[in-house]
Amino acid sequence: MELCIGTRPIFSSAKVLLNLNYSLPSHSIAPANSVSLSQPFTQFKDRASTSLKLPFHLRRSQFTEPNFCQFHGNFCQFVALASPSSSSPSSVAPGPGKDKLPAAINVTETVEPNSRLKLTIEVPPAVCDDCYNRVLNEFMKLSKIPGFRPGKRVPESILVNFVGKKNVQKATVESILKRTLPHAMDSVTDRVLQDSIRIVTKFSDMEQSYSSLNSLRYEIIVDVIPEVKWIPEDGYKNLKIVVEVDSDIDARITSEQELAGRHKALGTLRIVTDRGLQIGDVAVLDISATTTGEGESNGQNIPSAESKGFHFDTEDGDRVLPGFLDAIVGIQSGESRTFPLVFPESWRQEHLRGVHAQFTVDCKELFYRELPELDDSLADQLIPGCITIDQVKEALLQRCLELEQTAKEQAADNAILDQISKMVEVDIPESLFEEQGRQLYGANLLEIQAKMKLNDEQLASLSSQKTVNEYLETQRENITRMIKQNLAVGDIFKRENLQFATDDLVKEVENSIAEFKRQNQEYDEERVKDQVQEILEGAKVLEWLREHAEIQYITR
């Protein structure tokens with residue numbers, strides 16, 4: 001249920017979770033927010049493989065043919081069978097995976113906005129005739145024509161009449177596309193973004209062109225790797241960074257909060273029988289919510305605010321929707337309450353900000369805690385190996401100090417990434433924007449699903465195309481900034497000839513795959529390798545930038 005909000009961060013822009021690796025569960029000392037839209041690299045060393053958020057496909061890859069069956073699937077079998085043989089005559093040398101052509105094709109490039117190229121391909125009659133003859137040969141092998149033995153030579157006119165002139169033309173056009181497109185991509189293969197090739201000429205127009213001119217002209221659109229332009233040039237080499245440190249929360253305070261949380265975990269829950277809910281109690285609640293507002297006769301359900309059997313600890317009242325705790329104080333087991341609330345403008349889900357809602361809460365059970373006295377007898381239960389409470393406090397404080405330093409470094413990394421994103425001009429392809437945005441939304445959805453059990457209706461609502469598109473639009477600025485950060489980081493990695501150990505790549509890929517297997521999740525090993533490589537590159541670049549930057553920490 002998305003009623004909870006994070007606590008205040010130790011440092012601005014920092015996202016940190018306290019993990020002391022002890023037997024008892026730890027508690028957050030900074031917000032466990034939704035997927036961060038500001039820093040993809042800063043938590044590399046501690047990030048689980050399933051948290052890889054930015055698998056860019058910007059590496060030079062082999063050309064992948066589009067699906068020609070999008071035009072006319074009935075003839076794909078003939079196109080496949082009419083694939084070129086190694087003995088075909090040719091005057092055009094092929095590259096890997098390409099057929100030799102009897103004549104050269106003409107390719108004209110036109111630069112378009114958003115790092116897009118339009119390729120105009122003109123196929124001469126010699127190539128068209130060769131494809132036509134191959135298609136006829138394949139039809140001849142497969143067709144059973146009365147009066148002719150299977151596989152024997154059939155006069156062209158009889159074969160065409162038997163198969164149908166229109167069918168022969170369609171199969172020929174598909175064969176031409178299949179054979180010429182790899183050649184057309186020769187000049188851009190090392191720049192094309194994966195899966196961005198789109199044939200924009202209508203198949204019917206290609207048929208007409210071939211039929212009337214015995215030649216073919218078609219156009220394709222491809223997205224290419226964006227060019228990164230630095231303003232000023234090499235400005236990243238002398239960054240001046242100011243990091244704001246929050247003075248309200250420090251390691252000492254967070255260590256005390258952690259101790260209180262561990263002490264609470266050792267308590268015993270007792271059923272409340274003679275009173276209503278008080279601060280300190282734990283309530284089991286069924287929660288539902290609908291939108292309200294002027295002109296709304298029937299409110300819309302808010303799936304992300306609904307939950308069954310929600311265990312609500314009232315001591316975490318500052319982490320839920322403002323006003324929620326006050327509205328249910330005094331509620332008794334078996335009682336139901338309905339009350340209005342307004343989602344604040346700072347709410348994590350942007351589409352709910354400022355929304356007026358009517359909540360209905362059914363209290364199923366109430367519990368209060370009986371806590372053991374906090375003395376040395378509990379030390380080993382709080383942290384295995386400790387003998388005294390003072391040792392527990394010292395161990396927690398040291399870990400929180402380490403965490404504070406980590407948060408400080410992460411905040412600096414965030415500030416560095418934010419600054420370099422403002423120093424580059426990049427024409428971002430829409431396909432790249434959509435891919436990254438959808439992956440981020442998917443990661444958000446997985447995170448929500450991990451925190452609560454979504455029913456089919458909730459999952460369908462959050463997975464709908466409309467919801468995803470709304471997310472892409474509301475997060476356009478953040479997604480764009482993230483892409484610019486990553487492109488800038490990749491550019492710095494190449495400019496400065498940075499490297500990382502191959503052993504690190506192998507180890508992290510193995511760890512990532514092991515995590516996918518442990519979670520019973522499907523994965524693509526090459527994709528995982530690309531993801532890990534990009535994160536290793538990012539970590540190396542941030543390390544280099546920190547060493548060359550002037551960083552100043554100030555307290556708010």
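## Conventions and model

Two strands are taken to pair if DSSP finds at least two bridges between them. Strands (E, at least two residues) and helices (H or I, at least four) are DSSP runs, numbered from the N terminus.

The structure is a predicted model, in which local features need pLDDT of at least 70 and side-chain atom pairs count only at pLDDT 80 or more, while totals for chains, interfaces and linings use all residues. Residues are numbered from 1 along each chain as its sequence is written, and side-chain values use heavy atoms, with hydrogens and water left out.

## Overall composition

The chain contains 16 helices and 13 strands. Of its 556 residues, 45% are buried, where buried means under 20% relative accessible area, exposed over 50%, and partly exposed in between (1.4 Å probe, protein chains only).

A contact means heavy atoms within 4.5 Å. Among contacts between residues at least 6 apart in sequence, 74% join residues at least 24 apart.

## The four-stranded sheet

Four strands form an open sheet in the order E1-E2-E4-E3, with antiparallel pairing. Strand E1 (106-112) and strand E3 (198-199) each have a single partner strand and stand at the edges, so one side of each is left without a neighbour in the sheet.

E1 and E2 run antiparallel and are joined by 7 bridges; within this pair, Thr-110 stands opposite Lys-118 in E2. The two strands form a hairpin with 3 residues between them, and Asn-114 in the turn has a positive phi of about 60°. E2 is also paired with E4, in the antiparallel sense, over 8 bridges, with Leu-117 opposite Val-222 in E4. Strand E4 (residues 216-223) pairs with E3 over 2 bridges, again antiparallel, and Ile-199 is placed opposite Ile-220 in E4.

## Helices across the sheet

Helix H5 (residues 165-184) lies across E1, strand E2 (116-123), E3 and E4, and runs at about 50° to E4. Helix H6 (residues 203-213) lies across E3 and E4, at about 150° to E4. Axes are lines fitted to C-alpha atoms, for helices over the stretch in contact, and angles run from 0 to 180 degrees between N-to-C directions.

## Nonpolar cores

A nonpolar core is a set of buried Ala, Val, Leu, Ile, Met, Phe, Trp, Tyr and Cys residues joined through side-chain atoms within 4.5 Å. The largest such core has 43 residues, and those with the most contacts inside it are Trp-230, Leu-239, Ile-420 and Leu-545. The elements giving two or more residues to this core include strand E6 (240-245), helix H10 (389-421) and helix H16 (525-548). H14 gives the most, with 8 residues.

Apart from this core lies another, of 40 residues, among them Ile-105, Val-135, Val-188 and Val-222. Val-222 is also the residue that Leu-117 stands opposite in the sheet.

## The surroundings of His-263

His-263 is placed in helix H7 (residues 251-265). The residue is buried, with a relative accessible area of 13%. A polar atom of the His-263 side chain lies 2.6 Å from the backbone oxygen of Pro-372. Not counting residues up to four places away in sequence, His-263 touches Leu-371, Pro-372, Glu-373, Leu-374, Leu-378 and Leu-382.

Conventions: Polar contact = N/O pair within 3.5 Å; in protein donor to acceptor, adjacent residues only side chain to side chain.
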